[in-house]
Amino acid sequence: MSTQHSKTDVILIGGGIMSATLGTLLKELSPEKDIILFERLNQPGEESSNVWNNAGTGHSALCELNYTKEGKDGSVDITKAIHINEQFQLSKQFWAYLVCTGQLKSPGNFIQSVPHMSFVKGEENVRFLKSRVASLQKNVLFEKMKISQDTEQIKEWVPLMMEGRQSDEPIAITYDETGTDVNFGALTKKLINNLQENNMEIKYKHEVQDIKKLNNGNWNVIIKDLTTGQEVTYETKFVFIGAGGASLPLLQKTGIKESKHIGGFPVSGLFLRCTNPEVIKRHHAKVYGKAEVGAPPMSVPHLDSRFVNGEKSLLFGPFAGFSTKFLKTGSYLDLIKSVKPNNIVTMLSAGVKEFNLTKYLISQLMLSNEERIDDLRVFFPEAKDEDWEVITAGQRVQVIKVTEQSKGNLQFGTEVITSEDGTLAALLGASPGASTAVDIMFDVLQQCYQSEFNSWEVKIKEMVPSFGLKLSEHEDVYHTVHQEITKYLNVK
């Protein structure tokens, strides 16, 4: 039995970094809008945004080798790397604005300077890394990047990685001091608490049951109160689905044509977490290596310094896991229920195409703890078994969709699906995800609030001074913006 609720302007589904960012932007740009956020758990930021469920890397292509591709002629395409870095610059500017205006206090609780580094072994990989750095350094966004093969220099940067290293195989490491570690869980909680203080309605333990289009162009959203079991119907002008792995099943309920022929493939992750405080203390960097053949980009191995509630941690991974759940707190039936008559061909086509990924996942699932520690020793030769424990990270649902090239293409990035009339948007996919939240939410606002967006641009440029510009093409603007970020976020 459901009861009708009064109309609202905006419904945000999911209490993660995406909804928190969109809600914060809308409150700044259009404070008169009535917004309600629904989260099925009892607090925000507990799924993909949770500090243990993502890498916490402020993704800016400083260390992630999969954002640059080498051509057959040996040249390196840095287009994607620049784009990813530009996206993260917008996030940092917005957070700096929120600190400056007193809406985010103690930025050290959610962002820390941690050098970003790339690590490769073997002549061919060293040659690629040198070529990558030479291409990137010409761009202002990467001007501080250094590279070294000198063992003494590398020891200074990452002592643990050089101790006990016996092999004569050539290695090279890059170093960029402008890298960051971000606790997206802490940031999400702060943003959502702010919204609550600004009289935005936040409803925890409420789960969306259905989303239906009305004849008047609005949406009916049926919500179940998980505490009382009661269902309530809300009518709204705009719906944003930012529910992590649950976004695909919710999008399918809308029936919009853009939701057809889209599938999802869940991938979970495991990390090794260090339990020895002395070891944790001696490493201060996020060091990314190269992914194995067939591995998804989110499985690039990395040895990571993390900051969680003021304490430093050290993680290595991820190792791929597999579960049919779309959320860590989801159901084992999630994958089966997501297969519909309109996407079964898409799903099967991807299954046939992604043989290497399947092989990789099976090999990962069969790894013993000793084998995981052996992988860690490639980065940290003297790692001891007893200093590390296995933890389960978050679930990610990779998007499978029809493209011009194929009926079933597995997409490893972040995808925004918008209804034709702009009254509904859904966020799907995985990395670089949280780091690019501000840029992605600006895209959502541009597509879904076309008639209002132009009138918001002055305010947007106050919050994010480089909006509409490519910092990589405006060195003076980059340096001014970077100075402000450094000042307010206390990062390098």
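## Salt bridges in the model

A salt bridge is a side-chain nitrogen of Lys or Arg within 4 Å of a carboxyl oxygen of Asp or Glu. By that rule, 24 salt bridges are counted here.

The model is predicted, so local features need pLDDT of at least 70, side-chain atom pairs count only at pLDDT 80 or more, and totals for chains, interfaces and linings use all residues. Residues are numbered from 1 along each chain as its sequence is written, and side-chain values use heavy atoms, with hydrogens and water left out.

## A link between helix 1 and helix 14

K459 and E28 form a salt bridge through their side chains, at 3.5 Å from N to O. The pair links distant parts of the chain, 431 residues apart. K459 sits in helix 14 (residues 450-463), and E28 sits in helix 1 (residues 17-29). Helices here are DSSP runs of H or I with at least four residues; strands are runs of E with at least two; both are numbered from the N terminus.

Are these two partners buried or exposed? The terms rest on relative accessible area: buried is under 20%, exposed is over 50%, and partly exposed is in between (1.4 Å probe, protein chains only). K459 is partly exposed, at 23%. E28 is buried, at 17%.

## R127 and its two partners

R127 pairs with E70 in a salt bridge of 2.9 Å, N to O. This pair also links distant parts of the chain. E70 lies in strand 4 (residues 69-70), R127 in helix 3 (residues 123-137), and 57 residues separate them. E70 has a relative accessibility of 33% and counts as partly exposed. R127 is partly exposed too, at 35%.

R127 also forms a salt bridge with E124, where the closest N and O atoms are 2.6 Å apart. Both residues lie in helix 3. They are three residues apart, about one turn of the helix. E124 is exposed, with a relative accessible area of 54%.

## Around V416

V416 belongs to strand 21 (residues 414-418). Its relative accessible area is 29%, so V416 is partly exposed.

Contact means heavy atoms within 4.5 Å. Setting aside neighbours within four places in sequence, V416 is in contact with A426, L427, I440 and V444. A426 is ten residues from V416 in sequence, and their C-alpha atoms are 5.7 Å apart in space.
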